[in-house]
Each structure stands twice: as C-alpha cells, then as structure tokens.
Amino acid sequence: MSRSHITSHVLDAALGVPARDVMIRLERGTPATSASPGEAADGAPSLTWEQIGSQRTDEDGRTTALGPSQLDAGTYRLTVETGEYFAAADRPTFYPQVVLVVDVADADQHYHVPVLLSPFAYTTYRGS
C-alpha cells in the first residue's frame, strides 16, 4: 500500500509517549453550493466537508494510510479524536477534538501534520 498524501504523528506530550489508537478523519472541503450559501465570519466562502479517509494511530502514534496517496490542491480538514483517547486512559481533557484545516497548495508535495497533545493544550506544525 502506498503512503497517504497527508500523514500525521500524534504524541502525548504530558506522558512523553506516542498517542496510540487515536482516530483521525480526513475530509476534503469544497465551496458550498448555491443551495447552501454562506460565508465564514471573515468573509471567506463556507465549505462543505466530505470524508475521504480515516485511520487510528499505530503503536508509534503514526498514520500512513489516512487517505489517498494523491490529492488535488485544495483545503482539507483533519479531526483528531482526543476526547476518546483521554477518556480511554481515564484522563480529563479540555479539547474533545482537535480540528486542523490545512491548505494543500502543491499536489506534488507530501504533507505531514504532527500533533503534540496534553489534556489541556495541543500544538501542531507542518512536518516533513
């Protein structure tokens, strides 16, 4: 199987370990149709989201089969189910989901999106 165009690596920063068995969904955003017009608060057109893939993180906290191996340029959303992860360990969290919207500007590049979690904070960045 080929590697996803977008991959992720989730780490539990509070424990210093990979975050195993975390569900991540990948969705493609398309501009809303005239039947469902709308704009975001900043004036940008609203998007309709279609799920195109999902995967649970492996023992190392990684996803390599999250979605298709090739994506068109566009806007994509990753939803990391952090509430489920922390609940399974009987740990409270302020963020039941981490929702990341990313622009794939160059369809020839690979996009890696690491996420560092703790129960009351998270951080992310464009990885390599």
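This is a predicted model: local features need pLDDT of at least 70, side-chain atom pairs count only at pLDDT 80 or more; totals for chains, interfaces and linings use all residues.

Begin by displaying the open sheet of four strands, whose order is S4-S3-S6-S7 with antiparallel pairing. Its edge strands are S4 (47–56) and S7 (98–104), each of which pairs on one side only. On average, neighbouring strands of this sheet are turned by 25° against each other, direction ignored.

Select strand S3, residues 23–31, together with S4: nine bridges pair the two in the antiparallel sense.

Strands S3 and S6 run antiparallel and are joined by six bridges. Here Ile24 is found opposite Val80 in S6.

Finally, bring in S7, which pairs with S6 over seven bridges, also in the antiparallel sense. Centre on Leu78 to find Leu100 of S7 opposite.

Is S6 mostly covered or mostly uncovered? Five of the seven residues of S6 are buried, and the strand is thus mostly covered.

**Thr75**

Select Thr75, which is found in strand S6 (residues 74–80). Which residues does Thr75 contact beyond its neighbours within four places in sequence? They are Glu27, Arg28, Gly29, Leu47, Trp49, Val101, Val102 and Asp103. With Asp103, the side chain of Thr75 makes a polar contact, side chain to side chain, at 2.8 Å.

**Salt bridges between strands**

Side chains of opposite charge can pair when their charged atoms come close. The count of salt bridges in the model comes to eight.

Select Arg77 and Glu27, which form a salt bridge with their closest N and O atoms 2.8 Å apart. Arg77 lies in strand S6 and Glu27 in strand S3, so this pair ties together parts that are 50 residues apart in sequence. Is Glu27 buried or exposed? Glu27 counts as buried because its relative accessibility is 10%, and the cut-off for buried is under 20%.

Now move to Arg28 and Glu50, whose side chains meet in a salt bridge at 3.8 Å, N to O. Arg28 belongs to strand S3 and Glu50 to strand S4, so the pair ties together parts that are 22 residues apart in sequence. Arg28 has 27% relative accessibility and counts as partly exposed. Glu50, at 45%, likewise counts as partly exposed.

**Further salt bridges**

Select Asp60 and Arg62 next. Their side chains meet in a salt bridge at 2.7 Å, N to O. Asp60 is partly exposed, with a relative accessible area of 36%, and Arg62 is partly exposed with 33%.

Definitions and conventions
Residues are numbered from 1 along each chain as its sequence is written. Side-chain values use heavy atoms; hydrogens and water are left out. A polar contact is a pair of N or O atoms within 3.5 Å; within protein, one must be able to donate a hydrogen and the other to accept it, and residues adjacent in sequence count only if both atoms are side-chain atoms. Contact means heavy atoms within 4.5 Å. Two strands pair if DSSP finds at least two bridges between them. Axes are lines fitted to C-alpha atoms, for helices over the stretch in contact, and angles run from 0 to 180 degrees between N-to-C directions. Buried means under 20% relative accessible area, exposed over 50%, partly exposed in between (1.4 Å probe, protein chains only). A salt bridge is a side-chain nitrogen of Lys or Arg within 4 Å of a carboxyl oxygen of Asp or Glu.
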